[in-house]
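User: I would like to learn how to read strand pairing and salt bridges in a model. Can you take me through them one by one?

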Amino acid sequence: MARNAVQNTENQGYSRIQVLPIAGALGAEIRGIDLAAGIDAETFAEIRQAWMAHSVVFFRGQKHLTPDDQLAFARRFGDIHRHLFNKAMDGYPEITELLKRPDQKLNSGGRWHSDQMYTPQPAKATMLLAREVPSHGGDTMFSSMYKAYEALSDGIKAMLSGLRAISNGDNRNNPSGMTRQERVAAGIAQIAQIDPGAAQTISSHPVIRTHPETGRKLLYVGGHTERIDGWTEAESKPLLQFLLDHAARPEFVCRFRWTEGAMALWDNRCTQHFAINDYFGQQRRMHKIMVKGDTPF
Ligand SMILES: [Fe+2]
């Protein structure tokens, strides 16, 4: 009875879906819908409302969603943002298949980051659908950059408010310590790489940004961030390390256990995520689509 009472309270404001938060800071499961069957405008509006309220939402049991269905759902949120470095899936230039075979040691996304933060207009949304999952392990963690910002003192908030930081799409801040081409040369690249061509892969963004839809302020640094704009890397390192450690505090984080057909939809503007690499010997295969975002302010 008590659990139902809590669920009913959390679910206020929704008539088409059930919204069940999975942690205090962020993250909610959305139940009661079959995305492959199609959703009407009112249901979509409720999904958007839950997504803005919880920053990352999860749909289980969507294994019948085809790549075309997944793309059609993603396009309801905006135009598709193609990955600048990762090769797309055959036949689907807007989908990346993240395949980790049993013999591969490195995973993709195995550090805290926000997708495509190194581009001038980073992807606002990422939609990740689990096609094959290990029997256990391979969870993804998410952290609320709203909560991270709100917990800072007024003093450091004031100090950070005028700063910008540089994010680089080919940095060495990943678990291998190598650039993308070095990983390819060493035969340990997790995904086939493509040349980004003339696309901008190093960008400066405000350290404190305002979410364009919720109007809330948040901390905007991540795993691709190399230095504070105008500072050296050595000068930047202690401050960035503090901010990244702070943002990963357990009370700002949720952790999602994948099941086949589960799909996550996260807001890169106000979250970071971390793909846990703890399933060596097992295979994991995911389909990822990103949605274009705006210039951060
Ligand atoms: Fe990612």
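The dialogue below covers a sheet, then salt bridges.

Analyst: Some ground rules. This is a predicted model: local features need pLDDT of at least 70, side-chain atom pairs count only at pLDDT 80 or more, and totals for chains, interfaces and linings use all residues. Residues are numbered from 1 along each chain as its sequence is written, and side-chain values use heavy atoms, with hydrogens and water left out.

User: How do I read a sheet, and in what order do the strands E9, E8 and E12 lie?

Analyst: Start with the terms. Strands (E, at least two residues) and helices (H or I, at least four) are DSSP runs, numbered from the N terminus. Two strands pair if DSSP finds at least two bridges between them. Here three strands make an open sheet, ordered E9-E8-E12, with antiparallel pairing. Strands E9 (202-206) and E12 (225-228) are the edges, each pairing on one side only. On average, neighbouring strands are turned by 30° against each other, direction ignored. The axes behind such angles are lines fitted to C-alpha atoms, for helices over the stretch in contact; angles run from 0 to 180 degrees between N-to-C directions.

User: How many bridges join E8 and E9?

Analyst: Five bridges, in the antiparallel sense; E8 spans residues 164-168. Alanine 165 faces histidine 205 of E9.

User: Now salt bridges. What is the idea, and how many does the structure hold?

Analyst: Side chains of opposite charge can pair when their charged atoms come close. The cut-off: a side-chain nitrogen of Lys or Arg within 4 Å of a carboxyl oxygen of Asp or Glu. The structure holds 17. One of them joins glutamate 42 to arginine 16, at 2.9 Å from N to O. Glutamate 42 is in helix H2 (residues 41-54), while arginine 16 is in the loop between helix H1 (2-10) and strand E1 (18-21), 26 residues apart.

User: Which parts does the salt bridge of arginine 285 and glutamate 97 tie together?

Analyst: That pair meets at 3.0 Å, N to O. Arginine 285 lies in strand E16 (residues 284-291) and glutamate 97 in strand E5 (residues 96-100), so parts 188 residues apart in sequence are tied together.

User: Are aspartate 267 and arginine 269 buried or exposed?

Analyst: Both are buried. Buried means under 20% relative accessible area, exposed over 50%, partly exposed in between (1.4 Å probe, protein chains only). Their salt bridge has its closest N and O atoms 2.9 Å apart. Salt bridges with shared partners join Arg48, Glu213, Asp267 and Arg269 into one network. By contrast, arginine 285 is partly exposed at 23%, and glutamate 97 is partly exposed at 26%.
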